[in-house]
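I am keeping short notes on what I looked up here.

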Amino acid sequence: MLKAKTIILGISSSIAAYKSCEVVSQLKKLGADVWVVMTSDATKLVSPLTFRTLSGNPVITDLYSPELSSMPVPHISLAKRASLILIAPCTANVIGKLANGIADDPLSTIVISSTAKKVIAPAMNCEMWRNPLVLQNVKKLKALNFDFIGPVEGKLACGDDDIGRMAEPAEIVGEVVSSLVVQQDLKGKRFLVTAGGTREAIDPVRYISNRSSGKMGYALAQAARERGSAVNLISAPTNLAAPLDIKPIKVESAGSMLEAVLDYYNSADAVIMAAAVADYRPVKAEGKKLKKKVISKQYAVSSIELEETDDILKTIAKQKGRKDRALVGFALETDDLIANAKKKLKEKDLDLIIANDPSTFDGNLIKFSIIDSQGKVKNYPKQPKDQAAHVILDRVSNLI
Ligand SMILES: Cc1cc2nc3c(=O)[nH]c(=O)nc-3n(C[C@H](O)[C@H](O)[C@H](O)COP(=O)(O)O)c2cc1C
């Protein structure tokens, strides 16, 4: 996502500086070229060598260092090559310097020389943050298009439980990605996305499930977040890492997924049901493990009686305010794909349905068709799921 992007990461002297190791790692994982610039006091808290190792680039603590001799005027070279300057953690001191045009160290000098987008993640004691001078400086920087992320409330290094903590690394990196990667056409919207295959318990160790990997739902959630939307991702069990800056709401069965969907439905502008939800569940989930052989009558089984689960899409189609939000479903069929998908679209009163065949399961690619509420079909070639997610969101964004 951040390939060919150069991020200058400024680190000033807050105890939160250790968290910047994680910020560097995550940015590197996304393909960014990361150059760390540390204030002199920050080097007393975390060794520059740590950041050098993590970033793979020299750490800038002195613009006159022979290490930077390949750059004739290092602060200008770095300022020009920056796609974005992130300062995390940012002290009250650095905020004050930037707001007042001071350039007396490598970090403030590079920032003042650069036209790149700037993102600030402040970290400080609550009384420092509430100091009117600091707040005035923050206001000044916001008016100059500096983006701020945090600080957030929580336990501070000094022991207080109050505002001042640096935002979490994943949130900071999410902000960097949102700023750099795609247009923010979904800013101010909220998406509710479901993903994964539900599990219907037979007994404490066995369940009925399906082959859904959750990849398409996770890709949709990630893409919506990248485009600036808030996202509630309701996830049946998967082996996937949480998308950046999203904490999945984990559920197990169709019943618990329905409950979670109803919890978040009212606040959603768009609901995308990418989860593979079980149509049937055992009438009774046994409390103890069933035995292979009939040992005792109570825990032996030769067949499992099933009952239908509640249909999530049908249930939400009947909710109040249905027409105030877009409702999108997925249809996966082994035969008569388009005809069956159209039937589902109608039956469940959807705005769009994404039709795909079982080759989608588990893989990273998807060949799909989008059918709108008028029954108009558009076919799309096989492509990576993260790319397909943006194609689908382009269509959904026209509905909300
Ligand atoms: C252990 C320790 C933790 C500190 N944490 C913070 C902090 O979180 N935020 C802040 O604004 N200043 C903090 N300070 C104060 C700054 O380090 C101090 O204002 C320093 O002059 C700022 O230098 P710099 O902005 O060049 O890094 C801390 C100081 C110490 C000794």
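**Surface patch**

I looked up a nonpolar surface patch of about 320 Å², made by Ile15, Tyr18 and Leu45. Patch residues have over 30% relative accessible area and no salt bridge; like charges are joined within 9 Å, and nonpolar side chains (Val, Leu, Ile, Met, Phe, Trp, Tyr) within 5 Å. The model is predicted: local features need pLDDT of at least 70 and side-chain atom pairs 80 or more, while totals for chains, interfaces and linings use all residues. Residues are numbered from 1 along each chain as its sequence is written, and side-chain values use heavy atoms, without hydrogens and water.

I found Leu45 in helix H2 (residues 42-45). Leu45 counts as partly exposed because its relative accessibility is 40% (buried is under 20%, exposed over 50%, partly exposed in between, with a 1.4 Å probe and protein chains only).

**Rings**

I noted one aromatic pair in the structure. Phe368 and Tyr380 are stacked, because their ring centres are 4.8 Å apart and their planes are at 10° (centres within 6.5 Å make a pair; planes under 30 degrees apart are stacked, over 60 edge-to-face, the rest tilted). Phe368 is in strand E18 (residues 365-372) and Tyr380 in strand E19 (residues 377-384), so the pair ties together parts 12 residues apart in sequence. I have Phe368 as buried at 2% relative accessibility, and Tyr380 as buried at 13%.

I also looked for charges over rings (NZ of Lys or CZ of Arg within 6 Å of the ring centre and within 35 degrees of the ring normal). The charged end of Lys142 sits over the ring of Phe148, 5.6 Å from its centre. Arg325 lies over the face of Tyr265, 4.5 Å from the ring centre.

Technical notes
Areas by Shrake-Rupley, 256 points an atom, 1.4 Å probe, with all protein chains shown as cover. Salt bridge = Lys/Arg side-chain N within 4 Å of Asp/Glu carboxyl O. Helix = DSSP H or I, 4+ residues; strand = E, 2+ residues; numbered from the N terminus. Phe/Tyr/Trp six-rings, centres within 6.5 Å; stacked < 30°, edge-to-face > 60°.
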